[in-house]
Amino acid sequence: MSLIHVQDLRKYFPVRTKLFGREIVRAVDGVSFEIERGETFGLVGESGSGKSTLGRCVLRLLNPTSGHIWFDGVDLMALHGEELRKARRKMQIVFQNPTGSLNPRRTAGQSAAEPFTVHGRLQPVEAAGRVQGLFRRVGLPPEVMDKYPHELSGGQCQRVAIARSLALEPDFLVLDEPTSSLDISVQAQMVNLLKELQRDLGLTYLFITHDLSLVSYLADRVAVMYLGKIVETGEALAVLERGRHPYTMALRSAAPIPDPDRVPRPAMLRGEMPSALRLPSGCRFRTRCRWATDRCAAEEPVLREVEGNRVACHFAESIVEVAA
Amino acid sequence: MTALLEIQDLSLDFETEDGTAKVLDRVSLTIDEGEAFGLVGETGCGKTVTALSILRLLPGTARIRGGAVRLAGEDLLAKSEEEMNRRIRGRWVSMIFQDPATSLNPLYTAGYQVADVIMEHEGLTREEADRRVLGLFRQVGLPDPERIARSYPHELSGGMQQRVMVSMALACQPKLLIADEPTTAVDVTIQAQILELLRGLKQDLGLSILLITHNLGIVAELCDRVGIMYAGTVAEVAPVRELFRAPKHPYTQALLRALPRTDARGHALEAIGGMVPSLYTPPPGCRYHPRCEFAMATCAHRRPALLEHAAGHLTSCLLYEGVTE
């Protein structure tokens, strides 16, 4: 059984616009996937694709509009109040901005001890002992416990946030761009730490990122999102290196590769992502797709098996990736 | 090719309440006409300060301790504010920043702001300037220039805002464009479009570009030569191919190995141990020596010079100066 099973998840936000009054943003619009125990599942997409909203919905930090989430066989959508709080101990989230996710008026040790006092009802002394162990685990020297976030580097703050997320011995972590505000050398330290923790503690990761090279390094399977939908999913390398969806191809072609011998290619995608308020009919990607036909405007493609991946494109078999 | 810009041994401190931060220590680099030069380094290494010192837009706490910044042979550090404004800024050198949204005035339309720059520098009337704006917008690939000119910044996407900034920077036909992390705030498909635009400007106008970035991938795509900075010093300068193929400085080597790559799957990334030093108390000798895997006893007290150890390839490391212990 998969640890995480998400089925037809939707999250709609009502918004007010000057022109049309109340409208609906479909941030996540019918997304399904499973994550196996011990696996790293990468969620890739640009800003506005709905990947962060999806990550929060999986933990029910945001309440999905509809759909199902099973965590270790338990239907999270059916849980309320105390039951949900208990279930949440086993799943945690680490955010992009480590300084912003720590309380500036609390020491790192106090922040990391919070889960114990909230969920575990430990005495402060006991909690402090546990925090010391966690800090050792994430490679922080014990003196960091008495420091405030502004006295720490970005990398150290992120380690504190990771230590805190591990406090209640979770099975599942949502990592929402955990390294994108860090420098390359610090990012490497953080990625190594996350891999090590996963191996030693048997953690399962939902890794949200826009960085293709990062996800191709560490994910087992990935899903590519565009405007609230998964457009392609499968084994990480199969999708990232050979994916058949035109958007996957565009991301691949746009990602800067540190190899000066690669001939610079002209940008493959023209224009920008349409507003989530004015979704194109049919395929949501068609307004930027060079292969779009009338059928793409009329009929929304569904995920189907193409060369081992699942791709939502009517023409996935016939599209030939051009070097242009 | 001749050097358009030459920075020579530039040293600079910030005098703050906490003391003296030695922000730049003998920074040297040159940029040729029509060349794209990438300045790469991690947060706080001094790459933006180096760029701001060219335009003399440094914060009030900055004290230049020595060195020279020459543009087409003229010493910029000796110029008056008035001359910088009248002759250099915008006309010779202009700059675009990371976050175009905060660089544009939210209260004026995009067209009005760019026209302002042209009127200020070229003494044109509003009508003439407006016409020039449309041409500039077309040049930077903005669709429907008339509509964009009438739009306020918040009505434009991040990619379009950055194009407006580029058009403003080009308004007075500068020789050198400084682009400080120009694509950090936009998505990767939009980034590809902006990089394509910069590549085109370099080709078509012979524009020199100083690209500041922490992303080695972007450097590989756009730049002819690269400088790697570490803690206020230049570690290495090399043609881009050479830098990726045969990096000489231990920091550059470590940086390249720290990049996540597909072929490294299943192996740990090679992280650089330790942390970037405080610029208030930088390590003596080579500033990288406390983290360097090849550090020798001498590195702790002798500062390496930036020397040409291979043709066109400069490295600041005692390993290449024949020091053995």
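Colleague: Which residues of β9(A) point one way, and which the other way?
Modeller: This is a predicted model. In it, A:R221, A:A223 and A:M225 point one way from β9(A). A:V222, A:V224 and A:Y226 point the other way. All are buried. In a regular strand the side chains alternate between the two faces of the sheet.

Colleague: What makes β9(A) largely enclosed by the rest of the structure?
Modeller: The count. The strand covers residues 221-226 of chain A, and six of the six residues are buried. Therefore β9(A) is largely enclosed by the rest of the structure.

Colleague: How do you know that β9(A) pairs with β3 (residues 40-44) of chain A?
Modeller: A pair needs at least two bridges. β3(A) and β9(A) have four bridges, so they pair, in the parallel sense. One bridge partner pair is A:V44 and A:V224, the latter in β9(A).

Colleague: How many bridges join β9(A) to β10 (residues 229-235) of chain A, and in which sense do they run?
Modeller: Six bridges, antiparallel. A:Y226 stands opposite A:K229 in β10(A). The two strands form a hairpin with two residues between them. In the turn, A:L227 has a positive phi of about 45°.

Colleague: On to chain B. Why is B:A238 called buried?
Modeller: The cut-off is 20 or more other C-beta atoms within 10 Å. B:A238 has 23 C-beta neighbours inside 10 Å, so it counts as buried.

Colleague: Where does B:A238 lie, and which residues is it in contact with?
Modeller: B:A238 lies in strand β10 (residues 233-239) of chain B. Leaving aside neighbours within four places in sequence, B:A238 is in contact with B:R225, B:V226, B:L243, B:G312 and B:H313. As for B:W92, B:A238 is 146 residues from it in sequence and 25 Å from it in space, C-alpha to C-alpha.

Colleague: Why are the buried residues of α5(B) said to line one face of the helix?
Modeller: The buried residues are B:A129, B:V133, B:L136 and B:F137. Seen down the axis of α5(B), they fall within an arc of 100°, so they line one face. An α-helix has 3.6 residues a turn, so residues three or four places apart point the same way. On the other side of α5(B), B:E127 and B:G135 are exposed.

Colleague: What do the buried residues of α5(B) pack against, and what follows the helix?
Modeller: They pack against α4 (110-122), α6 (145-149) and α7 (158-170) of chain B. B:G141 follows α5(B), with a positive phi near 75°.

Colleague: How is chain B divided into domains?
Modeller: Into domain 1 (3-92 + 174-321) and domain 2 (100-173). Their centres, taken over C-alpha atoms, are separated by 29 Å. Domain 1 of chain B gives 11 residues to the contact, and domain 2 of chain B gives 12 residues. On the domain 1 side, α8(B) gives the most, four residues.

Colleague: How many residues does each chain bring to the contact between chains A and B?
Modeller: 38 residues from chain B and 31 residues from chain A. On the side of chain B, the largest share, eight residues, comes from α8(B). That side divides into 19 nonpolar, 10 polar and nine charged residues.

Terms used
Residues are numbered from 1 along each chain as its sequence is written. Chains are lettered from A and ligands numbered from 1 in the order in which they are written. This is a predicted model: local features need pLDDT of at least 70, side-chain atom pairs count only at pLDDT 80 or more; totals for chains, interfaces and linings use all residues. A residue is buried if 20 or more other C-beta atoms lie within 10 Å of its own, exposed if 12 or fewer, and partly exposed in between; C-beta atoms are placed from the backbone. Two residues are in contact if their C-beta atoms, placed from the backbone, lie within 7 Å. Ala, Val, Leu, Ile, Met, Phe, Trp, Tyr, Cys and Pro count as nonpolar, Asp, Glu, Lys and Arg as charged, and the others, Gly among them, as polar. Domain bounds come from an automatic or database domain assignment. The arc is that of the directions from the helix axis to the C-beta atoms.
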